[in-house]
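Thanks for coming, everyone. Please take a moment with the structure before I start.

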Amino acid sequence: MPPQNLPSRDSIHRAAAELFVRDGYAGTTVRAIAAAAGCDPALVIRHFGSKEGLFLATVSVSKDLPKILAGPIDSIGRELVRFVLRASDTPAAGVYRAMLTASDRPEIKERLRASMHDVFVGPLADRIGGAYPELRARLVAAQFAGLINAYWLVADPVLSCADRPAIVALYGDAIQRLLDSDDPGAAEA
């Protein structure tokens with residue numbers, strides 16, 4: 001019978017989530033996770049296989065994003081921008097930074113790509129229809145990621161001080177044009 005005081009898989013998971021968000025992927029070690037969970041590093045590996053495995057089991061996309069993407073199609077652009085502005089000081093921003101710092105690992109990069117498709121691109125492409133729905137959904141994801149980078153990663157000082165309603169209107173409407181465009185070639189004609 002195992003000792004009753006051994007930390008659970010959940011306690012390791014919670015400790016890892018906190019450390020990955022706070023210190024990023026590279027700044028978080030298995031030893032630090034084990035210390036925070038009150039266990040031996042071998043137990044972390046036994047439960048999760050590797051630091052990468054633990055990262056993939058721990059760090060996930062915000063639960064708000066699928067709700068926004070399932071909302072009224074005519075307001076998704078502005079809602080995505082509002083999400084970025086609201087969440088800049090929340091765990092979502094830390095999760096994004098942790099994901100970015102770990103994206104040089106092939107397994108994590110592939111998981112991020114799959115997650116972007118499963119959570120963002122696929123559901124959005126299914127809803128917008130028209131010409132090039134997947135391409136337009138990927139471009140929306142790229143615009144969204146660009147704003148996230150400016151706010152959450154580099155903390156652009158001009159954007160940080162800019163009028164938020166203006167950012168929502170300008171950037172949100174730019175995203176919305178991709179969602180509303182039934183004929184992307186019409187602008188070239």
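Helix 1 (residues 9-23) and helix 4 (residues 51-58) have axes that come within 9 Å and cross at roughly 90 degrees. Helices here are DSSP runs of H or I, at least four residues, numbered from the N terminus. The axes are lines fitted to C-alpha atoms over the stretch in contact, with angles from 0 to 180 degrees between N-to-C directions. So helix 1 is roughly perpendicular to helix 4, a label for angles of 65 to 115 degrees.

Who makes the contact (heavy atoms within 4.5 Å)? On helix 1, I12, H13, A16, A17 and F20; on helix 4, K51, L54, F55, A57 and T58. By class, that contact has seven nonpolar, two polar and one charged residues. Nonpolar means Ala, Val, Leu, Ile, Met, Phe, Trp, Tyr, Cys and Pro; charged means Asp, Glu, Lys and Arg; the others, Gly among them, are polar.

A word on the source. This is a predicted model, where local features need pLDDT of at least 70 and side-chain atom pairs count only at pLDDT 80 or more, while totals for chains, interfaces and linings use all residues. Residues are numbered from 1 along each chain as its sequence is written, and side-chain values use heavy atoms, leaving out hydrogens and water.

Next, T28. It lies in the loop between helix 1 and helix 2 (30-37). T28 has a relative accessible area of 1%, so it is buried. Buried means under 20%, exposed over 50%, partly exposed in between, with a 1.4 Å probe and protein chains only. Leaving aside neighbours within four places in sequence, T28 contacts L19, F20, D23, I33 and K51.

Last, cysteines. C39 is buried, at 14% relative accessibility. C161 is exposed, at 71%. A search of the whole structure finds zero disulfides, meaning pairs of cysteine sulfur atoms within 2.5 Å.

Terms used:
Helix = DSSP H or I, 4+ residues; strand = E, 2+ residues; numbered from the N terminus. Parallel < 35°, antiparallel > 145°, perpendicular 65-115°, else oblique. Contact = heavy atoms within 4.5 Å.
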